[in-house]
Amino acid sequence: MQQEKETEQQVLDAVDKFLIKIKPAVHQLEADDEYPEEIVAQMQEMGLFGAVIDPKYGGLGLSVRTYAKIVERIACVWMSLTGVFNSHLIMAMSVQRFGTQQQKDKWLPLFASGEMRGALALTEANCGTDLQSIQTHAKRVGNNYLINGSKTWITNSLHGSCFALLVKTNTNESPAHKGMSLFIAPKGPGFKMGRTLKKLGYKGIDTAEFFLDNYALPAENLIGLEEGHGLQHALGSLALGRINVAARGVGVASAALKDSIQYSQLRKTFGKPICQHQSIQIYLADMALRVEAGRLLVDSAAAAFDEGKRCDMEAGMAKLFATEAAMKNSTEALRIHGAYGYSTDFNVERYYRDAPLLAIGEGTNELQRIIIAKQLIEKNPL
Ligand SMILES: Cc1cc2nc3c(=O)[nH]c(=O)nc-3n(C[C@H](O)[C@H](O)[C@H](O)COP(=O)(O)OP(=O)(O)OC[C@H]3O[C@@H](n4cnc5c(N)ncnc54)[C@H](O)[C@@H]3O)c2cc1C
């Protein structure tokens with residue numbers, strides 16, 4: 001326990017030092033909207049691509065509680081960076097949790113070192129929430145699967161080299177999820193990149209579409225080696241993604257709060273700093289409350305994940321609350337900053353552009369409400 005606490009502190013200190021160094025560059029990096037190669041290399045050096053991967057495969061083996069703290073800190077400085085290693089770790093988690101021993105031995109060291117990086121590839125042009133409607137399909141041919149279809153909105157797909165790819169291995173199954181499988185899919189012949197998508201925020205990190213045209217994968221790349229568990233494996237790993245997105249929400253919400261606390265003491269109207277006006281005080285108090293409450297929900301969901309408990313309700317609650325907190329805090333920070341909140345000279349407009357992604361990614365907030373309600377009924381039957 002003591003050892004764990006010390007490791008956590010060392011990692012958090014290293015992250016804080018890294019953030020102090022990069023912070024002055026963020027404003028320009030955001031404006032340039034280019035992949036931050038140098039920073040990503042530093043993140044690789046710090047071991048972040050293996051943050052929650054077991055040390056026996058070369059990872060840092062951090063608890064998800066510690067991981068969430070890292071994510072919050074990074075998101076407070078530049079949310080885009082959290083996407084570089086979060087989607088990658090969801091992919092890694094699907095192998096760590098559901099892969100065979102051989103798959104873990106082969107892939108996890110490559111993921112932990114960051115030599116091979118990637119993401120979770122679920123979404124298609126016609127479906128994001130309704131994943132059972134995906135059309136990408138894989139047909140077994142001898143020892144291979146031949147895959148055809150396409151994916152879109154996949155973070156890291158341009159700069160990444162490997163994906164946890166959700167496909168249908170049987171299009172006739174009912175319910176459809178019984179015909180879905182998750183593959184470890186490195187780029188190769190038949191894997192063709194499409195457009196890089198233009199976004200409101202989340203700049204610097206690539207989100208793109210790709211096409212699979214008779215793309216062949218060895219059968220040994222089917223996670224768990226058994227067809228029909230793909231959706232379950234993807235959703236099992238997504239709990240980590242939801243905790244991460246929730247932690248990002250806390251990070252963005254707290255960045256908006258910090259900037260507002262500072263600005264409201266500097267800006268004067270009617271002879272006094274605006275922090276002395278009651279309406280601004282109400283904003284600040286509500287913003288702080290959201291940050292604290294969001295942080296507690298994230299920690300509680302992360303603790304449940306660490307204990308190996310089913311935590312879709314906890315992760316859903318944390319994701320819903322903390323990301324709505326990011327939306328509200330960024331809007332209120334904009335109000336507090338007046339015209340300067342609308343200016344690209346200040347960071348507040350970035351928080352305002354970044355926050356909505358959090359309400360969409362890793363399952364929309366509408367979906368989180370459905371998950372929470374279903375769990376409430378399941379846990380409290382008549
Ligand atoms: C910047 C960015 C990065 C992304 N990165 C990735 C990635 O790396 N990998 C990946 O696989 N995907 C990624 N996505 C896609 C994301 O996961 C989907 O956009 C998300 O799941 C929602 O799907 P959709 O956009 O198709 O919306 P839809 O599913 O079409 O939903 C549209 C609206 O209807 C609501 N809705 C849908 N069904 C219901 C229902 N049953 N009840 C009530 N409301 C409902 C939704 O909440 C939403 O408000 C990314 C998206 C963005 C914007």
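I count a residue as buried if 20 or more other C-beta atoms lie within 10 Å of its own. I applied this cut-off to a predicted model.

**Entry 1**

N156 has 26 other C-beta atoms within 10 Å, so it is buried. I placed N156 in the loop between strand 3 and strand 4. Its phi is near 75 degrees, a positive value in a residue other than glycine.

I then turned to E362, which lies in the loop between helix 9 and helix 10. Phi of E362 is near 55 degrees, again positive in a residue other than glycine. E362 has 26 C-beta neighbours inside 10 Å and therefore counts as buried.

I also noted a cis peptide bond from S174 to P175, with omega near -5 degrees. P175 is in the loop between strand 4 (162-168) and strand 5 (180-186).

**Entry 1: the chain as a whole**

I recorded 10 helices and nine strands in the protein chain. The radius of gyration is 21 Å, close to the 21 Å that the globule rule gives for 382 residues, so the chain is as compact as a globular protein of that length. Along its principal axes, the C-alpha trace spans about 80 × 55 × 45 Å.

I found that 49% of the 382 residues count as buried. I also looked at contacts between residues at least 6 apart in sequence: 75% of these join residues at least 24 apart.

**Entry 2: domains**

I noted the division of the chain into domain 1 (2-113), domain 2 (118-228) and domain 3 (232-379). The C-alpha centres of domain 1 and domain 2 lie 23 Å apart. Between these two domains, 21 residues of domain 1 are in contact with 18 residues of domain 2.

On the domain 1 side, I listed helix 1 (2-32), helix 4 (80-98) and helix 5 (101-113) as the elements that give two or more residues. Helix 4 contributes the largest share, 10 residues. By class, this side of domain 1 has 10 nonpolar, eight polar and three charged residues.

**Entry 3: surroundings of the ligand**

Which residues come nearest to the ligand? I found L122, G128, T129, T364 and E366, out of the 24 residues around the ligand. The shell divides into 12 nonpolar, nine polar and three charged residues.

I traced the shell to its elements. Strand 1 (118-121), strand 3 (144-155), helix 9 (348-360) and helix 10 (365-379) each supply at least two residues. In terms of domains, the shell draws at least three residues from each of domain 2 and domain 3.

**Entry 4: helix 9**

Just after helix 9 comes E362, with its positive phi of about 55 degrees.

**Entry 5: helix 3 against helix 7**

I looked up the packing of helix 3 (residues 64-78) and helix 7 (residues 278-306). Their axes come within 8 Å and cross at roughly 145 degrees. On the helix 3 side I found V64, R65 and A68, which meet V298, D299, A302, A303, F305 and D306 in helix 7. The residues of this contact divide into six nonpolar, no polar and three charged.

**Entry 6: two partly exposed residues**

Is G58 buried or partly exposed? It has 19 other C-beta atoms within 10 Å and is therefore partly exposed. Leaving out residues up to four places away in sequence, G58 touches G50, P109, A112 and S113. G58 and G142 are 84 residues apart in sequence, and I noted a C-alpha to C-alpha distance of 33 Å for the pair.

The second residue was E8, in helix 1. With 17 other C-beta atoms within 10 Å, E8 is partly exposed. E8 and I70 are 62 residues apart in sequence and 9.5 Å apart in space, C-alpha to C-alpha.

Notes. Residues numbered from 1 in each chain as written. Predicted model: local features only at pLDDT ≥ 70, side-chain atom pairs only at ≥ 80, totals over all residues. Near = placed C-beta within 6 Å. Helix = DSSP H or I, 4+ residues; strand = E, 2+ residues; numbered from the N terminus. Nonpolar A, V, L, I, M, F, W, Y, C, P; charged D, E, K, R; others polar. Domains from an automatic or database assignment. Contact = placed C-beta atoms within 7 Å. Axes fitted to C-alpha atoms, helices over the stretch in contact; angles between N-to-C directions. Rg over C-alpha atoms; globule rule 2.2 N^0.38 Å. Buried ≥ 20, exposed ≤ 12 C-beta atoms within 10 Å, placed from the backbone.
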